[in-house]
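Dear colleague,

I am handing over the structure we spoke about, placed just below, and my notes on it follow. Please read them with the structure open beside you.

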There are 2 protein chains.
Amino acid sequence: MKQDPSGRPLQALDTPALCLDVERLEHNIAQMAAFCQRHPANLRPHCKTHKCPTIAWMQIKAGAIGVTCAKLGEAEIMAQAGIEDILIANQIVGETKLARLVGLATSCHLTVAVDDLSNAGAISQAAEQAGAQLSALVEVDIGMGRCGVAPGPPAVRLAQQVDALPSLRFAGLQGYEGHAVMVPDPEARRQAAEEAIERLSATRDAIEATGLEVGILSGGGTGTYETTGAHPAMNELQAGSYATMDGRYASLGLPFACALTIQAQVISVPTSERAIIDAGIKTMTGEFGLPTVLSPAGWRITHLSEEHATLQRDGGGALALGERISLLPSHGCTTINLHDAYQVICDGRLEAVWPIAARGCVR
Amino acid sequence: MKQDPSGRPLQALDTPALCLDVERLEHNIAQMAAFCQRHPANLRPHCKTHKCPTIAWMQIKAGAIGVTCAKLGEAEIMAQAGIEDILIANQIVGETKLARLVGLATSCHLTVAVDDLSNAGAISQAAEQAGAQLSALVEVDIGMGRCGVAPGPPAVRLAQQVDALPSLRFAGLQGYEGHAVMVPDPEARRQAAEEAIERLSATRDAIEATGLEVGILSGGGTGTYETTGAHPAMNELQAGSYATMDGRYASLGLPFACALTIQAQVISVPTSERAIIDAGIKTMTGEFGLPTVLSPAGWRITHLSEEHATLQRDGGGALALGERISLLPSHGCTTINLHDAYQVICDGRLEAVWPIAARGCVR
């Protein structure tokens with residue numbers, strides 16, 4: 001730890017705190033930017049993980065062509081921060097939201113996913129009434145079984161129908177190989193992603209065979225970026241978690257560093273084998289498994305309750321009250337969404353506090 | 001649904017929305033208040049579930065003697081809302097937090113849990129320097145295996161040591177039978193709670209045998225309130241979830257109504273057997289199981305992703321895009337903590353919006 005006076009040392013931060021190592025973040029952003037420079041796909045990183053315009057701008061300055069959002073509310077936050085090219089990779093439905101959608105489209109270049117003609121028609125109508133320009137990607141279900149039309153004829157038909165709408169521009173296709181991103185074996189993961197992207201690519205060919213140009217093919221996640229981003233048909237990559245990473249993605253052996261930690265504190269030492277810290281499931285989520293104790297060595301989490309985690313001794317030395325515990329969250333996306341700000345750490349000291357401006361933007 | 005113009009109908013709210021049925025909430029508050037009037041324990045409801053001063057005040061006006069909080073930050077929010085008697089049922093450790101703790105004690109009657117002499121000594125010293133009055137409950141581990149000293153001699157010794165501190169008043173004991181609150185079988189649950197409270201009661205007797213008065217015995221959760229709140233030794237009941245309830249507590253057959261729902265909307269209908277809604281794990285948590293579809297009938301959730309839930313048809317009629325889905329969250333405490341406000345519903349219409357002022361207060 002440097003002794004310069006630039007900020008409070010990590011160990012002096014109040015706990016629990018969501019900390020972001022800015023050098024690791026920069027490394028990850030540079031790493032993915034370099035990958036995309038070597039491959040056909042442009043990077044349009046997903047903001048649902050970091051929810052932070054500061055990080056989105058770092059990605060854009062490193063070469064990203066814009067951002068991807070999961071929710072309209074996230075897109076509004078990114079547009080307010082000056083980001084000009086936004087994809088909402090999700091279906092936006094209902095009168096209230098369509099009014100916001102077309103309103104947003106007057107302040108940025110906005111693209112939205114559609115998988116239903118009535119929805120696309122309603123968007124076109126709202127855009128026409130508002131005098132707004134909007135683009136649409138037809139979402140194709142390439143194996144995940146969530147949203148999207150089936151590949152092949154149903155997607156071809158919807159693309160043609162969307163293209164015929166007066167005020168919604170058909171811009172291309174979206175397919176997310178979400179079923180592939182977490183396959184543990186690298187070769188099986190590559191193959192699952194490859195098969196999924198082939199469905200998207202074949203659908204593009206079928207649409208172009210009708211004379212309709214498919215500008216954009218967008219998809220990909222952090223676990224499959226190497227396959228999806230290298231596929232010659234793909235020209236937009238939506239990976240998001242690579243920037244901060246988390247315990248679950250770290251298990252895949254990707255070339256990105258874990259930039260995110262939770263700093264917690266021992267608040268009770270009931271026995272020499274058990275310690276309780278001040279961070280529970282309201283600080284770090286558990287749906288992808290328990291967080292990992294990074295330091296001190298020789299302790300592991302055995303249980304999360306709302307505001308406590310129970311640590312069990314696993315060969316480590318004694319823990320004292322007030323001792324700092326550094327943890328790797330298992331799921332960055334949902335953990336970040338519990339916090340209002342990142343404590344940005346450089347070289348072991350607090351360098352800045354970045355608001356997680358899109359936290360809680362579920363609408 | 002009444003046709004009066006008092007507010008937007010539930011069906012017109014934008015989604016996803018965390019809705020709170022105010023009549024059910026009032027029923028629950030009245031029900032628990034009536035129980036406590038018939039029994040020795042005073043009600044000091046836990047605010048970690050609702051995190052909302054408006055609800056805390058409703059509970060106090062119905063007879064609660066104050067509130068219980070899990071975190072210092074929650075207690076600060078409640079004090080700012082004018083609540084005068086607050087228990088932080090948790091260990092508050094470290095210089096930064098002790099400064100806040102004694103600062104808070106100048107604006108309300110504040111009690112804090114302790115399970116360690118060095119921590120209690122540090123609180124006493126900070127209180128002395130700040131000229132603040134603070135009380136402490138010695139936390140006893142009555143079977144949950146989280147924080148707390150062991151019942152019997154260790155608790156007696158700590159009580160005597162705390163009592164000897166110059167600026168921290170020993171006010172009694174806290175024991176939380178957290179291991180008992182969710183035992184499915186009512187008789188087994190009653191027995192587990194009874195045994196736990198007996199440990200607390202016996203510890204009180206052992207302390208009083210030394211000549212030291214134990215003013216308060218505090219504990220209890222929504223699942224065990226009938227046992228804990230009726231035990232002659234207990235004089236404070238900390239139950240919290242009863243006010244809003246959730247799917248997991250509802251499974252215990254308690255006399256409280258589920259006041260909390262998530263209103264969501266169908267955003268994609270890929271097949272007649274599957275629909276996707278706009279509420280996922282960032283809207284309603286899953287650690288206690290999947291949310292329950294309340295309406296329409298014949299559909300159930302099979303998967304939660306971050307911003308989507310997948311609904312599988314289970315005998316129901318066809319779902320259309322934009323159709324409203326009403327859901328019962330499985331875990332109120334963590335679900336509420338994802339939202340900034342309750343949409344307060346009366347008789348099917350929006351009556352008010354209540355800020356969840358203590359959302360995210362993990363420090």
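In chain A, helix H6 (residues 153–163) has as its buried residues A:Ala155, A:Val156, A:Leu158, A:Ala159 and A:Val162. Because these residues cover an arc of only 165 degrees around the axis, they lie on the same side of H6(A). Their packing partners in chain A are strand S5 (109–114), helix H5 (117–130), strand S6 (135–139), strand S7 (169–174) and H7. Please bear in mind throughout that this is a predicted model.

Helix H7 (residues 186–208) of chain A is also where A:Ser201 is placed. With a relative accessibility of 7%, A:Ser201 counts as buried, since the cut-off for that class is under 20%. Apart from neighbours within four places in sequence, A:Ser201 is in contact with A:Leu217, A:His231 and A:Ala233.

Turning to chain B, B:Gln59 sits in helix H2 (residues 53–61) and is buried, its relative accessible area being 1%. The side chain of B:Gln59 makes a polar contact with that of B:His50, at 3.0 Å. If residues up to four places away in sequence are not counted, B:Gln59 touches B:Ile29, B:Pro45, B:His50, B:Ala64, B:Tyr242 and B:Ala243.

Conventions:
Residues are numbered from 1 along each chain as its sequence is written. Chains are lettered from A and ligands numbered from 1 in the order in which they are written. This is a predicted model: local features need pLDDT of at least 70, side-chain atom pairs count only at pLDDT 80 or more; totals for chains, interfaces and linings use all residues. Side-chain values use heavy atoms; hydrogens and water are left out. Helices (H or I, at least four residues) and strands (E, at least two) are DSSP runs, numbered from the N terminus. Buried means under 20% relative accessible area, exposed over 50%, partly exposed in between (1.4 Å probe, protein chains only). Contact means heavy atoms within 4.5 Å. The arc is that of the directions from the helix axis to the C-beta atoms. A polar contact is a pair of N or O atoms within 3.5 Å; within protein, one must be able to donate a hydrogen and the other to accept it, and residues adjacent in sequence count only if both atoms are side-chain atoms.
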